[in-house]
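Subject: Structure for your review

Dear colleague,

I am handing over the structure below, followed by notes on what was found in it. Please read the notes with the model open beside you.

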Amino acid sequence: MDTNQEKILEKAQERVIETLARNMDLYGITMSTGLLYGTLLFQDKSMTLDEMGEALGMSKTSMSTGVRTLMDLNMVEKIWKKGTRKDHYEVNLDWYQNFIDLFSVKWRHACEHNVHALKKSLLELRALQQSEELTEEVSERVDLSIKRIENGLEYYLWLSRLIDSFESHDIFQFVPKKENES
């Protein structure tokens, strides 16, 4: 490949890497971890932490942290390579599964955290509702708060079912991976 072709290839890859990193940053993954993911995406071979650090100009510690994050999200996997003692890593190329893993983990965590808070508040409000010293105004506010919290719990039940549909891949029955061409 001549120098001009190499430059075009590198520019195109860098644009995608930066775009992916910015997009991942929107969802709580650091820019450097996003850059690491994008860099691994365009490799034709697995990489060690040292190779990643060299490619990105970052420390091995930073690469280790990023790889651990990506492994926790199932976006990168450690692979065994004959003849070497260093760990090698490669990207999971299934973008659909990467999306599912990333969002399922984050959504499920947020769902569970929020449901816990709503249920705790609901218990407190129901206990308050039983109090005989409530004024009519406070009683109405408690009733309204209970209704709103119950509505929120219904939403989180729906969201949990949505997450289940992603994890089970049932979502692809409703939104196929590739539309049939006419």
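Lys177 sits over the face of Phe172, 4.8 Å from the ring centre, where a charge counts as over a ring if NZ of Lys or CZ of Arg is within 6 Å of the ring centre and within 35 degrees of the ring normal. Please bear in mind that this is a predicted model, in which local features need pLDDT of at least 70 and side-chain atom pairs count only at pLDDT 80 or more, while totals for chains, interfaces and linings use all residues. Residues are numbered from 1 along each chain as its sequence is written, and side-chain values use heavy atoms, with hydrogens and water left out.

The aromatic pairs come next. A search of the whole structure gives eight of them, a pair being two rings of Phe, Tyr or Trp (its six-membered ring) with centres within 6.5 Å, called stacked if the planes are under 30 degrees apart, edge-to-face if over 60 and tilted for the rest. Tyr96 and Phe172 make an edge-to-face pair, at 5.9 Å centre to centre and with 90 degrees between the planes. This pair links distant parts of the chain, as Tyr96 is in helix H5 and Phe172 in helix H7 (residues 171–174), 76 residues apart; helices here are DSSP runs (H or I, at least four residues) and strands likewise (E, at least two), numbered from the N terminus. Tyr96 counts as partly exposed because its relative accessibility is 39%, the classes being buried under 20% relative accessible area, exposed over 50% and partly exposed in between (1.4 Å probe, protein chains only). The rings of Tyr155 and Tyr156 are also edge-to-face, since their centres are 4.9 Å apart and their planes stand at 70 degrees. Within that pair, Tyr155 is partly exposed at 40% relative accessibility, whereas Tyr156 is buried, with a relative accessible area of 17%.

Helix H5, which holds Tyr96, covers residues 95–129, and its 35 residues reach 49 Å from first C-alpha to last, close to the 51 Å expected at 1.5 Å a residue (the expected span is 1.5 Å times one less than the number of residues). At its N-terminal end H5 is capped by Asp94, whose side-chain oxygen lies 3.1 Å from the backbone nitrogen of Tyr96; this falls under the polar contacts, that is, pairs of N or O atoms within 3.5 Å, where within protein one must be able to donate a hydrogen and the other to accept it, and residues adjacent in sequence count only if both atoms are side-chain atoms.

Just after H1, Gly28 takes a positive phi of about 90 degrees.

Leaving aside neighbours within four places in sequence, Met52 is in contact (heavy atoms within 4.5 Å) with Leu36, Leu40, Met47, Met63, Val67 and Tyr89. Thr33, in helix H2, is buried with a relative accessible area of 6%, and it touches Gly66, Thr69 and Leu70, not counting residues up to four places away in sequence.

Finally, two backbone angles deserve a look. Asn74, in the loop between H4 and strand E1 (76–79), has a positive phi of about 60 degrees although it is not a glycine. His169, in the loop between helix H6 (136–167) and H7, likewise has a positive phi, near 70 degrees, in a residue other than glycine.

Best regards
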